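Dear colleague,

I am handing this structure over to you. Please look through it below; my notes follow.

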Amino acid sequence: MQNRDEDKWLFDWTDSEDPQELKGLSSVQPDEETGPDDKAWHRMKKRTFEKLGYPERENDLQASEPLMQENRRSRRRVVGKWLAAVSAAAVICMLLISISPDVQAQLKKALQFIPGFGYVQQKDDSAQPVFVLQKPVEFQGEYDTVTIDGLVIRSTGGEIALSGDDLSDKTDDSIILSTAHGEYEFKRGSASWGSGGPWEAGYYYQGQIPITALSQVKLRFGNSVVPLDLEEAQSAENMISFGPSDTQNGIRITGVVTRLDGQRVKVNLLTQLPQLQIVDSFSKEPITGEQKLEVTDSNGKMYEVLKDIGFVKPRDILFDDSTGGAEHYTLTIPYIRVEDMGVQHEKVTLPVPQQGSQNIHVTSALDGFPVDFTQVERVNERTVRVSVDVHFDAAQSKTLQSYRLFDQDGFGISHTSKINEQTRALEFEWLDVEPGQKEITFYMGEPQIVIKGPWILRDLH
Amino acid sequence: MDTEEQVLVDALRNHRTMALERLMDQFGNSVYGLVSRILAGTGRVEDTEECVSDVFVTAWRRIDQFDSTRGTLKTWLLVLAKYIALDVRRKLLRQPGTVEIDASESSGENIEEAVLSKEASMEMRNMVNALTEPDRTIFYKRYFYYESVEQIAKALGITNKAVENRLYRIRKEFKEKLQERGTGIKHAK
């Protein structure tokens, strides 16, 4: 039984305290609430827009289903949390290795591979070299194992990537890097986690960390102090110098091998794509049909690629070599899937039958790929099912598999879709409508394009 | 700040009403939950709804004050919600016939008001900032976000008793340290 008198002075104190003074508050979130019903949200939205002088929003608000949208968005967010984290990292990666002509010219100067973060950057021109942690280091946190996935120190600052399996270890807002010259506080810039399970956090430091002739540093995380050996980042004149490469349909993939502790081998897959394009799958899971990427050695032995646990990391290929380490491996990638966030959104307007289904022949195109809408079926007064043909053909060098839906302001529309079980191409979409609505308009964007390989990376070692 | 949040903040700063609706869809339930917990026992459902509406109106007007380097958009919104709700609660409690249920339950006719000196408050801040996990999360969930012991236990996957025990130990430790340093809680009848 709680002592409410004891509670009250603490409530009063926190109520009067400046939140900025409370360490770690920003990383603690109240639980997601169920919330009131649709009618209540309608009232609150209407009132809010009235106060701001936007009474004309009323019609739009009546046409919305806030709670349903939130619930569905929330589910998508949970499922997509890992994807979002990976996508953000991938975007950064792609920005770093963009191949615009200017950047291409700069790339010729020199590149550096940043292990742990799995990207390539243009070599820093400053006198101070870039130092990195060559492979992950594990240590015992308070509750479970914590992994230092990556650490990079540049002339202008540094980044540290941590992960773990027990959320209770994800504690500190900052971690301290000790060098021979002093201590540097890295602030937490990002964190992702599942319910009580795996977590990832990124820390950054802005400012100079003198690291000439640096060989060992110490990282202080909670009660743990972990000694780390840093090495100068690997440099090369071009991507192919980092590891075996193959080019198919204009896309080069390069593999960089890191032998981790024990039997584990990691291959980082690097690509060079225009800005805003990311590879969201290298066939670690089948993209279409049943074909997945394969790892074999010179004796033809096949290795099982480990599935991602918790966070989806499409560019990291991990497998165990229990034979003690083959001399080299071959990685075969049958397909990749590229998501293009830079494509212009295409407006589509479809008729909505009042009941039953209506065959239609509405043709559109996204990024040059034809998209046909063939039928609209009124499932109920608030939902329609749209049949769509994206003309997916896995035999083609490039083929559209799916896309995302947006509203006129560029915000994603929450909806349900169904893909073909064999090809995994989009077939049906369920969209919200209002009773009596005669047309529906949406925008297609961010096409997911399957590109045919195979890319064969030989002599990975 | 992730890309999705950046897009939303930019849209709010450009005064796109669609973005405000999106903000309400995305964070509305969390804001509503916090506001309703703070106003529990002091007002009607209509007061809670009005307060939630005020939170989003204020967010719309003050979005330029949001600084992503200090925390997420959600945290900023919840802090805003908390202080607007506390203001509303103060106003509601001043109205005749309104009684704060927690206060009346807690001490009946012998209401004590516990206050902390400025020095003790600073000491408190140091102690809270020195809390380790999971005590820190439990403390903020309980005293900053007004979550019930049951809600906290469910969120952290531990028993109600475990949460109560940790809260008890935190309170005991804080109180003892304040008394040790001569900055104890003053009880004014």
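In what order do the three strands of the open sheet in chain A stand? The order is β2-β1-β13, with antiparallel pairing; strands pair if DSSP finds at least two bridges between them. β2 (119–122) and β13 (234–236) of chain A are the edge strands with a single partner each, so one side of each has no neighbour in the sheet. On average, neighbouring strands here are turned by 35 degrees against each other, direction ignored. Strand β1 (residues 111–114) of chain A is joined to β13(A) by three bridges, and A:Phe113 lies opposite A:Gln234 in β13(A).

This is a predicted model, in which local features need pLDDT of at least 70, side-chain atom pairs count only at pLDDT 80 or more, and totals for chains, interfaces and linings use all residues. Residues are numbered from 1 along each chain as its sequence is written, while chains are lettered from A and ligands numbered from 1 in the order in which they are written.

Chain B has nine helices and two strands (DSSP runs, numbered from the N terminus: helices are H or I with at least four residues, strands E with at least two). From the N terminus they run α-α-α-α-α-β-α-α-α-α-β.

In chain B, the axes of helix α7 (residues 135–144) and helix α9 (residues 160–180) come within 10 Å and cross at roughly 90 degrees. Axes are lines fitted to C-alpha atoms, for helices over the stretch in contact, and angles run from 0 to 180 degrees between N-to-C directions. α7(B) and α9(B) are therefore roughly perpendicular (65 to 115 degrees).

Regards

Terms used:
Angles under 35 degrees count as roughly parallel, over 145 as roughly antiparallel, 65 to 115 as roughly perpendicular and the rest as oblique.
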